[in-house]
Amino acid sequence: MSDKVYVGVDLGGTNIKIGICDKQGNLLHTYEGPTGVEQGPEAVLNRIAEYVKQIVSDSPFEWEQVAGVGAGVAGFIDIQNGTVLFAPNLKWKDVAVKRELEQRLGLPVALDNDANVAALGEAWSGAGAGLKNIVVYTLGTGVGGGIIIDGKIYQGFRGMAGELGHIKVVPDLEAIQCGCGQLGCVESVSSATGIVRMAKDAVERGETTTLSLNENITAKDVFNAAKDGDEVAMRIVKRAAYYLGKSMAAVAVVLNPQRFVIGGGVSRAGDILFEEIRKVYAQNVPEAFTQGVDIVPAKLGNDAGVVGAAGLNLR
Ligand SMILES: [Zn+2]
């Protein structure tokens, strides 16, 4: 009998990415095609089933080897029932993905949100491979997160655990409102959006920075300027890192993870960001929480979603 393989589906608003992993979490085959959101859920589900059958038949594996199909979706998910409650980028409400795909494929299907599956991917074969307890931050437009305890995604009461971006760390007097409605969330300063906002504010205040020459500032511009010695940009990077480090210190004393993994576009800033985060983290936890604990960049990049989705069927 040949080894089992695991199929992962990263269901995005523009593209559907599908991958086959072996039981070590190595991504062996991938396929990407358009989502076609405008055609509605029924057509998208048909397309996913088609893509899955196609990728398996194009691979050296037999259909019987597929242990199951996992899917990651950005949005609110009823994980137990495998239903997408609300996914803004797909314009979906109450879509029973698990039931519909199981009917089409005759395989077990599992569903979770994109941040959780990315965390599982990193825990399986990425920057947290071999570790049982890790916490993954994804720094992009927002700050996403996933918690892996004993090798499994920690869901919490209603599947909402791991919303790390909404840890409130900014003091009220300096805080701005977050997309979630609260004041002072780490997402409001440490996401790409937060970094760009701080840069624009500095330019508007007339501070001396090379960023003022830039019409359309991105987070990457801020990191590049900081690396080139721009003091204003450096201050912004340090502020973003400071609140990330503070939020990790808060997480550490509750969950005691062995490793914090940071992925997403902003994490590509590299040492300039990580060194500061590590320093602030160490300054804000009791010493025992620094021993054997590290903060490292994610490894799987854009593949984390598809690998983690495949991992949902690991038992
Ligand atoms: Zn928030």
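A residue counts as buried under 20% relative accessible area, as exposed over 50%, and as partly exposed in between. The exercises below apply this to a predicted model.

**Exercise 1.** Locate Arg239 and Glu174 in the fold and state what their pairing ties together.

Solution. 

**Exercise 2.** Repeat the analysis for Arg235 and Glu207.

Solution. 
- The side chains of Arg235 and Glu207 form a salt bridge with an N to O distance of 2.8 Å.
- Arg235 is in helix H7 and Glu207 is in the loop between helix H5 (192-204) and helix H6 (219-227), so this pair ties together parts that are 28 residues apart in sequence.
- Arg235, at a relative accessible area of 40%, is partly exposed.
- Glu207, at 23%, is partly exposed as well.

**Exercise 3.** Describe the setting of the salt bridge between Arg104 and Glu100.

Solution. 
- The N to O distance between these side chains, Arg104 and Glu100, is 2.8 Å.
- Helix H2 (residues 97-105) holds both Arg104 and Glu100, which are four residues apart, about one turn of the helix.
- Arg104 and Glu100 are both buried.
- The two residues belong to a network of salt bridges that links Glu42, Arg99, Glu100 and Arg104.
- In total, the structure holds twelve salt bridges.

**Exercise 4.** Work out which atoms coordinate the zinc ion and what geometry they give.

Solution. 
- The donors are ND1 of His166 and the SG atoms of Cys178, Cys180 and Cys185, at 2.0 to 2.3 Å.
- Four donors count as tetrahedral if all angles lie between 85 and 135 degrees.
- The angles at the zinc ion run from 105 to 120°, and the site is tetrahedral.
- Along the sequence, the donor residues follow the spacing H-x11-C-x1-C-x4-C.
- His166 and Cys178 both lie in the loop between S11 and H4, so this pair ties together parts twelve residues apart in sequence.
- His166 is partly exposed at 26% relative accessibility, whereas Cys178 is buried at 7%.

Conventions. Residues numbered from 1 in each chain as written. Predicted model: local features only at pLDDT ≥ 70, side-chain atom pairs only at ≥ 80, totals over all residues. Heavy atoms only, no water. Salt bridge = Lys/Arg side-chain N within 4 Å of Asp/Glu carboxyl O. Helix = DSSP H or I, 4+ residues; strand = E, 2+ residues; numbered from the N terminus. Buried < 20%, exposed > 50% of the residue type's maximum accessible area, 1.4 Å probe, protein only. Donors = N, O, S within 2.8 Å, 3.2 Å for Na, K, Ca; no water. Tetrahedral: all angles 85-135°; square planar, octahedral: opposite > 155°, others 65-115°.
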